[in-house]
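I opened this model to look up a few local features. My notes follow in the order in which I checked them.

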Amino acid sequence: CSSDLQGALAGLGQPSGIESRPMTPVNVFELEAIARERLSLEAWDYYAGGAHDEVTLRGNRAAYDRLSLAYRVLVDVSRRELATTVLGQPVALPILVAPTAFHRLATPEGERATARAAGAAGTVMILSTLSTTPLEEVVAAASGPVWFQLYVYRDRKATEGLVRRAEAAGCRALVLTVDAPLLGRRERDVRNRFRLPPGLAVANLLPDGYGDLPPAAADSGLAAYVASFLDPALTWRDVAWLQSITTLPVLVKGIVRPDDALRAAEAGAAGVVVSNHGGRQLDTSPATLDVLPEIADALEARGHRIEVLMDGGVRRGTDVLKAIALGARAVLVGRPILWGLAADGEAGAVLALRLLRDELDLAMALAGAPTLADVTRDLVRRGP
């Protein structure tokens, strides 16, 4: 833990009159507390907020609490193995870095710091189209695999240009986000009239003239940007179009229904990401953990052996364990990485991943599941 992070934590929650002392964060929630203190109100609300009443935002977390773990005993757990593969690519743990926008709101190094942190953890970084750092610079900074998350613009030439650049830079997969024909109404951002501060832009689209968030008198600048430039006419035909212009595997992100997962598989997708956009799009949509097993079961019943990933509310190693038990190959984490970046840059993001990794390792040992293959459905129970 760096001295900056220790200093921020010193005295956090200390009763009056008790001498504070440096301490190392023991979970990602402590990183969240530091991030909230360090970020501007606008940046904090952008990262933390959800759509409308934030029912889905809260529901993603609550879903984990509704499940208990029926652990096994007298299993040799003296050695645990957390390594796995995603799309055939080896990773040291079943936790990937989710695509999130505007990392330079959290730290000057932005997405470069995130890429280095993911590489240090031995996992994949999924880079957002809405990066504040050009994708070529992010991939150059990475020591591990980088996937590129793609929004489809009305300007298909610009979209195809992004795909070509991602290929040329060395990205190993495309993650097509399909749940944002318009931006969900994020009322925190509306109140703040969210815009990027001077010096920051949607760096990947600057060459095409789509780098700046337009001013919005009655909404957030990002909502205006999405309404102006992203394509709301996207359909399943466009999954085929995307595959026709790239040799990279394509995953479809934003799935909460079994029938849509089956459509993705039938369209030739290499995988799906069960996701409700972190509770930031359609409020009162289902928690991803609740729909994960039915999606995994539907794909298996039809014989589709595509990758099933999941995001939404992952904050503990036990959350990862439950998601894997219910059918996920791996999970994606977004906000904890941003908290780490805000708390201590690259070192904070490394710490966020290490905390989750160590918690998962302990949870596997205590559950009697020394390997990820041992993390099976029977470990999970509904209710306390």
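Which residue caps the N-terminal end of H2? I found asparagine 27 there, with a side-chain oxygen 3.0 Å from the backbone nitrogen of phenylalanine 29. I note at the outset that the model is predicted, and I read each value below as computed from a predicted model.

**Helix H2.** I then went through the burial of the helix, which covers residues 28-38. The buried residues I listed are Val28, Glu30, Leu31, Ile34 and Ala35. Seen down the axis of H2, these buried residues fall within an arc of 150°, so they line one face of the helix. I set the general rule beside this: an α-helix has 3.6 residues a turn, so residues three or four places apart point the same way. On the face turned away from the buried side of H2, I noted the exposed residues Arg36 and Glu37.

**Histidine 103.** I looked up its place in the fold next. Histidine 103 sits in the loop that runs between strand E4 (95-97) and helix H5 (110-121). Is histidine 103 buried or exposed? I count it as buried, because its relative accessible area is 1% and the cut-off for buried is under 20%.

I listed its contacts, leaving out residues up to four places away in sequence. Histidine 103 touches Tyr47, Gly110, Glu111, Thr114, Met125, Thr132, Leu338 and Leu341. With which side chains does histidine 103 make a polar contact? I found one of 2.7 Å to the side chain of threonine 100 and one of 2.8 Å to the side chain of threonine 114.

**Largest pocket.** I read off a volume of about 750 Å³ for the largest pocket. Its lining has 23 residues, and those closest to its centre are Glu300, Ile306, Gly327, Ala328 and Arg329. Helix H12 (288-301), strand E10 (307-311) and helix H13 (317-325) each give two or more residues to this lining. H12 has the largest share, with 4 residues. By class, I recorded 12 nonpolar, 5 polar and 6 charged residues in the lining of the largest pocket.

**Second largest pocket.** Here I noted about 520 Å³ of space. Of its 26 lining residues, Val178, Asp179, Ala180, Pro181 and Gly254 are the closest to the centre. The elements that give two or more residues are strand E7 (174-177) and strand E8 (250-255). I recorded 15 nonpolar, 7 polar and 4 charged residues in the lining of the second largest pocket.

How values were computed
Residues numbered from 1 in each chain as written. Predicted model: local features only at pLDDT ≥ 70, side-chain atom pairs only at ≥ 80, totals over all residues. Heavy atoms only, no water. Buried < 20%, exposed > 50% of the residue type's maximum accessible area, 1.4 Å probe, protein only. Contact = heavy atoms within 4.5 Å. Polar contact = N/O pair within 3.5 Å; in protein donor to acceptor, adjacent residues only side chain to side chain. Arc of directions from axis to C-beta. 1 Å grid on protein atoms, 1.4 Å probe; cavity = no way out; pocket = protein on both sides within 12 Å on 5 of 7 lines; lining within 4 Å. Points joined across faces, edges and corners; volume = space filled by probe spheres on them. Nonpolar A, V, L, I, M, F, W, Y, C, P; charged D, E, K, R; others polar.
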